[in-house]
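I opened this model to take notes on it.

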Amino acid sequence: MKRLTLFALLVLVSSLQVAKAQETISLERVLSDTKAYYPYLEKEDVLKSSLDNLEKTLWYAYIPQVSVNANVQYQTDVPSIAISMSEPGSEDDPTLDQIMGKMIGRLQIPEIPKLQYQTYAQVTQLLWSGNRVSAGAEMIRANIAQKSAEAKAGYEKAEDAVTELYFGLLMLDAQKKLQDNFLTEIARQKTKAENARSNGVATQNDLDEIELRRLKAEQQRDEIKESRASILHLIGLYTGKTYDPDQTEAEVPSEPLLDTDTDTATGSRYAAGRMTHQVLDAQVRTAKAVYDMSFADMLPSIVAFARGGYGRLGLNMFAEKGQPYFVYGLTFSWNFGNFYNLGTKKLDLENTRALVRLQRREFEINQRAKVEKLKSEAHQYETLIAKDEEIAALQRQISDRAALQQEAGTMTAPDRLEKLSALNAALQTRDVHKIQQLRALYMARRALGQ
């Protein structure tokens, strides 16, 4: 039973190692992992939550507002009634002032208290805000949209960097594969040279030259492996994954379709898929929202209110005791001071629009030049690859003839390795040019926002 369990564990470990050895990454997968790991998606979630909360809070303005207030105060003086009468006439012939004086003398005019108190509850309901609420909501949406566009632009730069790194990895893979093949051929030639030396055909100098060639080839391969491990580590920083340099293979993507007719597809914008356009659009939208908010502040607002309370003074200021009261009505408020700022805000909006137009034009000029440069590079590499194929074919013929000469004993192993080294260099140049052509096409595609 123990042997069976041990065997099962060995099988499991072996299967895991095989699965790990077969790990293959692709450009699509690496970009997908970057999107999942990069803070971009988390930023989007936070911005969406912030937008929902801010909009909800803003529209609370239309919910009835309830407040409770109380105050007490002492006044050094209060309104009073002073009645001054002229001198009264004779009792036989009383004047009107005399008669009124006698009547007022019998009156008791209550005094307004100097110590006053009041407590009340009030309910207000906004009926019309002058579009302040809707303008404020649009300002919030514009600000969130601008932050979202900036977050997408940051993620877009990360995608560009990962794409560059991936094609750098492919170039190193092509070089490493050929270098490994060359080292295998060196080992084979060394075996032949050792056998030849045993037969007295080769010399120790031949073996030393082969060993020197092997050391230089291994040094180049080690440099390639170190560079490859460094690139995989950098890709892992963007994807949040760890790649084993010895057990990770990169898949070569197929040649992309490049649609350069972007002007007719999206109006007058070039590279419309790039996030820079969205950032510029968001800047204009934010400036427009600021102007609309300023315009809304210029308009009046209407609020309904109802107030009930108890106090002295109440509604009857001459009441001797505190009394309950109730008041309701409408308030109309209009602040004309905002008229002075409206022209400035309008000018700010026009300046922002003009600046964005210039920035967009600058971006499109630079982007068009970048795309044309990358397309030119791709075409140049296509021409180079055709020549590389011819050079590699000739080098292969030379190498094959050298192999026959070696078998016939008319060429030494070091000379044969020299021919193989030339063939290896030609093949490396061809394969690197192929990857560089693919890189130029993919980076042009990304520059177009496709």
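Predicted model: local features only at pLDDT ≥ 70, side-chain atom pairs only at ≥ 80, totals over all residues.

I started at Ala-271, which is buried, with a relative accessible area of 0%. Ala-271 sits in the loop between helix H7 (262-265) and H8. I looked up its phi: near 55°, a positive value in a residue other than glycine.

Next I turned to Asn-131. Its phi is near 65°, again positive and again not at a glycine. Asn-131 belongs to the loop between strand S3 (115-128) and H5. Is Asn-131 buried or partly exposed? I read 44% relative accessibility, so Asn-131 counts as partly exposed.

I then checked omega at Arg-312 and Leu-313. The peptide bond that joins them is cis, with omega about 25°. I placed Leu-313 in the loop between strand S5 (301-312) and strand S6 (323-333).

**The chain as a whole**

I noted ten helices and six strands in the protein chain. The chain has 450 residues, and 33% of them are buried. I also looked at contact range. Of the contacts between residues at least 6 apart in sequence, 83% join residues at least 24 apart.

**H5 and H10**

Two packed helices are described by the angle between their axes and the distance between the axes. I took H5 (residues 132-198) and H10 (residues 413-447) as my opening pair. Their angle is about 165°, and their axes are 10 Å apart. Angles over 145 degrees count as roughly antiparallel, and H5 and H10 are therefore roughly antiparallel to each other. The crossing of H5 past H10 is right-handed. I sorted the residues of this contact: 17 are nonpolar, eight polar and ten charged.

**H8 and H9**

I moved on to helix H8 (residues 275-297) and helix H9 (residues 339-408). Their axes come within 9 Å and cross at roughly 175°. H8 and H9 are therefore roughly antiparallel to each other. From H8, I listed contact residues including Leu-280, Val-284, Ala-287 and Tyr-291. From H9, I listed among others Leu-342, Leu-349, Val-356 and Phe-363. The contact divides into ten nonpolar, six polar and seven charged residues.

**H2 and H6**

What angle do H2 and H6 make? I read about 45°, with the axes 7 Å apart. That makes H2 oblique to H6. On the H2 side I found Val-30, Asp-33, Thr-34 and Tyr-37. They meet Ile-235, Leu-237, Tyr-238 and Thr-239 in H6. By class, this contact has five nonpolar residues, two polar and one charged.

**Cores**

I looked for the largest nonpolar core and found one of 22 residues. The residues with the most contacts inside it are Ile-25, Tyr-166, Phe-167, Leu-169 and Ile-235. Helix H2 (27-37), H5, helix H6 (204-239) and H10 each supply at least two of its residues. Which helix gives the largest share? H5 does, with eight residues.

Leaving aside neighbours within four places in sequence, Phe-167 contacts Leu-27, Pro-253, Ile-435, Leu-438, Arg-439 and Tyr-442.

**Buried charged residues**

I checked Glu-156, which lies in helix H5. At 8% relative accessibility, Glu-156 counts as buried. Beyond neighbours within four places in sequence, Glu-156 is in contact with Gly-273, Arg-274, Met-275 and Arg-446.

Last, I went to Arg-430 in helix H10. Is Arg-430 buried or exposed? Its relative accessibility is 17%, and the cut-off for buried is under 20%, so Arg-430 counts as buried. Arg-430 touches Ile-385, Asp-388 and Glu-389, not counting residues up to four places away in sequence. I also took the distance to Asp-388. Arg-430 and Asp-388 are 42 residues apart in sequence, yet 5.2 Å apart in space, C-alpha to C-alpha.

Note on methods
Residues numbered from 1 in each chain as written. Heavy atoms only, no water. Axes fitted to C-alpha atoms, helices over the stretch in contact; angles between N-to-C directions. Helix = DSSP H or I, 4+ residues; strand = E, 2+ residues; numbered from the N terminus. Parallel < 35°, antiparallel > 145°, perpendicular 65-115°, else oblique. Left-handed = near helix turned anticlockwise from the far one by under 90°. Nonpolar A, V, L, I, M, F, W, Y, C, P; charged D, E, K, R; others polar. Contact = heavy atoms within 4.5 Å. Core = buried A, V, L, I, M, F, W, Y, C linked by side-chain atoms within 4.5 Å. Buried < 20%, exposed > 50% of the residue type's maximum accessible area, 1.4 Å probe, protein only.
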